[in-house]
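Thank you all for coming; I would like to walk you through one structure this morning, taking a few places in turn. Please have a look at it before I go on.

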Amino acid sequence: MIADGRAAVEDPGAAALRRYLPVLAVIAAPYAAMSSGQDPLNPLDRVAEWDVMRAALRDATARAGAEAAPLALVRLTPPTSQQLAAALSHGGPDAYRVVHFVCYGERDMLYLEDENGHESYAVAEYVANVFKPGGALVAIFDGCFSEHMARLLVEQTGIQAVIGARRKLLPANARLFAAHFYAALAGGESIRRAYRGALAVLKQQPNGQAERLEYVERDAPDAVDDPALPLPPPEGRASCPLVISGDPLLVNVPQHTGFVGRREQLSALAQDPPGEAPHLIAFHGAAGQGKSWLAAEYAGRFAWRYPSGVLWVTITGQTLAREIAAQVAQLVALPPYAPEDAVIDRLGREPALIVLDGVNRLDAAGERAALRAFLEKLGTKTQARVLLTAPDASALLTPAVASRTVAVEHLPAKAARTLALRLAVERQVEALDVDTLDDFLERTHAIPWLIDHGVALARADGLDAALEELASYRPDMPDPLALYLRRRLTLLAGEAGNPVRLLVRAQHLSDAFDRALAGMLLGGAEQVEAQLEKLLTAGLLREEDGLLAIPPEVRAQVAAFSPLNGARGDQVDGYVMRYLVQCWASAPERPLDAPLSRVEQAWLNNTRAVIRRQTRPDSTLPRAMVARLLVTAAPAYRRAGLADEFWRSAQPVRETLGEGPDYARLQIAMGEALSLLPERREEAGYLLQMTQALAGVDRNVLASASRAYGEHLLALGEIDAAEETIGAALKALLAGKSASVRVAAALAESWARALIAQRRRRAALSRYEAALAGYRQAGLIERAAAMQRDLAEALLRLGEVDRAIAVLKDALSAPCGIEPPLLRGQILVRLGLAHLVRAAHAHRLGRTAERDAAWSAAEGHLRAALPDLLTGSAGDDLAQVFHELGRLLARRGELDEATSLAERSRALYERLGDAPHLAGVLLTLGKLRIASGAPGDALPLIYRALAIANEVYAPALASSAADLIVRAHQLDARHVLTGQGAERDPVLARLEQSREVLARHQVGRQLAALESVRRALTAE
């Protein structure tokens, strides 16, 4: 799955779709009719339909086997006629081969969407026209088939076959058909045979709906010609399937199925262009009305408008304003401790969307003031838009920021009816039908939360019992939700097994938790699943993405019902701490700038809640237990931007520990946290030095302290001291007994990096190899792959190309197993660069066949890296790949695609602000313009490259730019002197401009050469 899928949607070549069998998914699920005041003609669920498509791709991949071509599934966002035309305008090797429509259709029209999410129809003739330029060969229309449209496609475009259903297939049938059809195509079957095989599978299913499907092809069904789709050659295929959502980077954004209603609010929000006012939008309303639901729908539906990405922050009682700022920094690929000015600058370039869900839970006045100040900067200095959800968020709005409030109240009658009926069908509550629905809706008052839980109650206890329970809920009560919750808690507490025990024991968890922890809190009771089901049905628990959460309103009621205090609370905290230590210990390491996943964020919030309680003086739990939780969670604190909070939490724990391993480990973690805070780095160094000198502490712990101190020195630029510290620590560790393989490997890795910083690459090789061996022995596969990446880079710089290639190929021996995918992409990049070095060597020796083979291998590996690089924030790697691919294709004379690749690289370097590399790409583009016979178009690019080279003091680059300016004018002059059509006066005018540029930059040699060109042009 690509995290930032916009590039691939707007430009299929960005992800090298030629390495796959590419399928374009067009899922149109407008939320409003063209007039915007009515429901769409046939509403679809955009999230559910995309889930079906992704599941079908997984099934197809499993069925097709290892020898089949990998599939690439790309979702068109937004699903507008204009975007469809743009996507299908790409021909050539990266063109989409299959276009799969899921939408409503009638009267030979497709009902797509406009940019605001409203219905927008496309007639058959228009659809046929947009298919003409591209390379699509198959069109599938699920629920929108038109025989007239199908005939136009097969007769007037390159489409070979059209498959369609006038009425939509059931999700299970749509998934089954697509899985078998795509598996057959990927395996090389013809279009007709793939269709017939998938149709036969549906015919064998009860209610398989095979009769709904129709097939239209260019020739008669019994014709001899039975084409198959062109598949990439085996040597040019990707190693894994690809799924591209079409959205920019989304961080922890929930995607809910079943959204209904809210047309007016969504339409109003859609009218606000991103990057413009209002910058702050607050969704307010009572609990249960669906504020978060609406915010998630807007974020998911309109994410494409925010190229910098979308961040969702679930606010809890633990959340700090500093933590929110850190997550915003990570959204724009900056570390969590980046200066605020750098974050503001990055957000000022492109729009981003930030959702703060439940800001009313931000308790402390100081935190609210800090967040308000941060929101003011975002609103006045950036293109970011911030959505707030809360019963009342007015305290965070400021006159300095253009803002708007959106009232989220009960659903309109029609939407409430739709929601209730849909939930009744999904949950098989047959008693809730047209005869009983009115009574049900009257008692749920069109409140989404109550409708949902009313249906759940009807499913569990019967409709009569549900209606009786709902009768007690009246909106005119001061706090009707609290009354409902109290009643449910009281009723469930009296049942066998008492499911409320879980809520009582989990009430101190400030965030979500999983079923394993629920079972532990219940003492491993056999009835865990049954009890969870009762709590979920009653609305006392909520489940999202596999996690269970106690709603804040429920937590408050549970605290009043049965508070958890003293030794009883400590006992429960002990269970929670042991569980969290296991979670953190098994979590993979991630770099500092990687945002926490939703699961990691929940673990961290619960850790913080436990730590805050267990630092009180009268806690009955061992201090060592608290220290171990802090130590294992320390990396997450640092990634969350909470280094300062970690220090404050750890300080009282350390003071109560006696000197020993736990004391030392905690002090190491404290030092590592302080190292991230510029104003406390000196203190961090002192703390880590003191830890190294502790007596009676395990040698592995002391070695870890030395490594942390060495890393601290490296960050400060004290390279020699760092190398000496780390090297001495590793030698001392290996000289004794019982050395931890993991600790030794980490020391070897740090030592290698210190040696690289000293430019002692040869000496670093053996340390990288030692780290690699250690990580493999410890079973740390990801760390081992990272070592192979770094070892190969050192080998390349030392000229040991063959050895570097061997190391990198070994790292890729299980290509789909490297996580995160970004690491796999970086390994592929280095493999491509290694082959480029090999090609250059062969070229110097005149070995043409060897050179061409190396170029071909380099292209394959660099193209293979593209989808993986698009999953992360490695903009520099991605830009380099585009540039190198462009240069490769230029050597082969493929100037158009080479220019497209170089332009992609330029856009990325512009976005990153990387001036030196930008100058290099501009020179490449200048050369390509010259090679294309347009030296005049090349000059502005080269002028800019020359200016940048001088600004960053890159004399070699500046000299190359000046030489290229001369070369452009020499070609210009040749065209004039040989009578090839160039006019003398404009050529002389450009030459005079170049003379001024070269004189301004004081480039003497090239200025003299340019003067020679001028004399040749002006000679009689």
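A residue is called buried here when its relative accessible area is under 20%. This is a predicted model, and in it Val-253 has a relative accessible area of 14%, so by that cut-off Val-253 is buried. Val-253 sits in the loop between strand 11 (250-251) and helix 8 (263-270), and, leaving aside its neighbours within four places in sequence, it is in contact with Ala-299, Val-310 and Trp-312. From Val-253 to Val-313 there are 60 residues in sequence, while the C-alpha atoms of the two are 8.3 Å apart in space.

Let me turn now to the strands. Strand 13, residues 310-314, runs parallel to strand 14 and is joined to it by 5 bridges, one of which pairs Thr-314 with Asp-357. Strand 14, residues 353-357, is in turn joined by 5 bridges to strand 15, residues 385-390, again in parallel, and there Val-355 has Leu-387 as its bridge partner. Which residues of strand 14 point one way, and which the other? Leu-353, Val-355 and Asp-357 point one way, Ile-354 and Leu-356 point the other way, and all of them are buried. Together with helix 12, residues 365-381, strands 14 and 15 make a right-handed β-α-β unit.

Finally, helix 28. At its start, a side-chain oxygen of Asp-698 comes to within 2.8 Å of the backbone nitrogen of Asn-700, and just after the helix Gly-717 takes a positive phi of about 85°. The buried residues of helix 28, including Leu-702 and Tyr-709, pack against helices 26, 27, 29 and 30.

Note on methods. Residues numbered from 1 in each chain as written. Predicted model: local features only at pLDDT ≥ 70, side-chain atom pairs only at ≥ 80, totals over all residues. Heavy atoms only, no water. Helix = DSSP H or I, 4+ residues; strand = E, 2+ residues; numbered from the N terminus. Buried < 20%, exposed > 50% of the residue type's maximum accessible area, 1.4 Å probe, protein only. Contact = heavy atoms within 4.5 Å. Polar contact = N/O pair within 3.5 Å; in protein donor to acceptor, adjacent residues only side chain to side chain. Pairing = 2+ DSSP bridges. Right-handed = clockwise from strand over helix to strand, strands pointing away.
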